[in-house]
Amino acid sequence: MKKIYNNIFPVKRFTSMVIWPFLFIRKDRAWAFNTIGERHEGTHGRQQKEMLVVGAIIAAVLAAAGCGWWSLLAIPLFFWWYGIEWLVRLCIYRNMMTAYKNISLEREAYANQYDLMYLDRRDAFAWIRYIKQ
Ligand SMILES: [Zn+2]
């Protein structure tokens with residue numbers, strides 16, 4: 001992924017964020033970005049690529065069914081899933097940070113960020129296993 005250092009994105013208190021194929025790193029938090037963070041964001045990069053394919057297929061099916069430009073909203077499926085699961089977890093845990101840490105996409109990334117070989121042996125859509133835990 002192409003690293004982009006800046007002081008706008010992600011918002012303060014966060015160090016890095018992926019919008020595949022770009023990895024945004026805050027300049028004022030760059031000291032905190034290390035290989036663990038890079039593996040964590042690498043997992044999100046893989047998740048986003050997988051869900052981009054699924055979102056594009058859904059968009060094509062919706063477009064073929066006559067949904068017009070609304071079909072395009074299916075393409076950023078990763079971000080829809082991420083946001084909706086965060087809201088569901090927020091209702092469960094009543095704490096924004098706990099909700100964030102328990103999003104299945106984050107659970108996978110946090111659980112494997114110390115594993116040097118994880119991305120080499122990761123199965124596609126591995127995050128689905130982390131929904132119920
Ligand atoms: Zn993450």
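1. Cis prolines. Pro21 sits in the loop that links E2 to strand E3 (22-26). Helices (H or I, at least four residues) and strands (E, at least two) are DSSP runs, numbered from the N terminus. The peptide bond from Trp20 to Pro21 is cis, with omega near 15°. A cis bond also runs from Phe9 to Pro10, with omega near 5°. Pro10 falls in the loop between strand E1 (2-6) and strand E2 (16-19).

2. Basis. The model is predicted: local features need pLDDT of at least 70, side-chain atom pairs count only at pLDDT 80 or more, and totals for chains, interfaces and linings use all residues. Residues are numbered from 1 along each chain as its sequence is written, and side-chain values use heavy atoms, with hydrogens and water left out.

3. Positive phi. Arg13 has phi near 85°, a positive value in a residue other than glycine. Arg13 belongs to the loop between E1 and E2. It is exposed, at 70% relative accessible area. (Exposed is over 50%, buried under 20%, partly exposed in between, with a 1.4 Å probe and protein chains only.) Arg94 is not a glycine either, yet its phi is positive, about 55°. Arg94 lies in the loop between H2 and H3 and is exposed, at 72%.

4. Helix H1. This helix (residues 35-64) has 30 residues. Its first and last C-alpha atoms are 43 Å apart, close to the 44 Å expected at 1.5 Å a residue. The expected span is 1.5 Å times one less than the number of residues. At the start of H1, a side-chain oxygen of Asn34 comes within 3.0 Å of the backbone nitrogen of Ile36. Just after H1, Gly66 has a positive phi of about 95°.

5. Zinc site. Which atoms coordinate the zinc ion? They are His40 (NE2), His44 (NE2), Glu106 (OE) and Glu106 (OE), at 2.0 to 2.6 Å. Donors are N, O and S atoms within 2.8 Å of the metal (3.2 Å for Na, K and Ca); water is not among the atoms, so sites may look incomplete. The spacing along the chain is H-x3-H-x61-E. His44 lies in helix H1 and Glu106 in helix H4 (residues 104-112), so the pair ties together parts 62 residues apart in sequence. Both His44 and Glu106 are buried.

6. Helix H4. Seven of its nine residues are buried, so H4 is largely enclosed by the rest of the structure. The buried residues are Ser104, Leu105, Glu106, Arg107, Glu108, Ala109 and Asn112. Their cover includes H1, helix H2 (77-93), helix H3 (96-101) and H5.

7. Arg122. This residue is in the segment after helix H5 (118-121). Is Arg122 buried or exposed? At 10% relative accessibility, it counts as buried. Its side chain makes a polar contact of 2.5 Å with that of Glu108. A polar contact is a pair of N or O atoms within 3.5 Å; within protein, one must be able to donate a hydrogen and the other to accept it, and residues adjacent in sequence count only if both atoms are side-chain atoms. Leaving aside neighbours within four places in sequence, Arg122 is in contact (heavy atoms within 4.5 Å) with Thr43, Arg46, Gln47, Glu50, Glu108 and Trp127.

8. Nonpolar core. The largest has seven residues: Met51, Phe78, Tyr82, Tyr100, Ile103, Leu105 and Trp127. Such a core is a set of buried Ala, Val, Leu, Ile, Met, Phe, Trp, Tyr and Cys residues joined through side-chain atoms within 4.5 Å.
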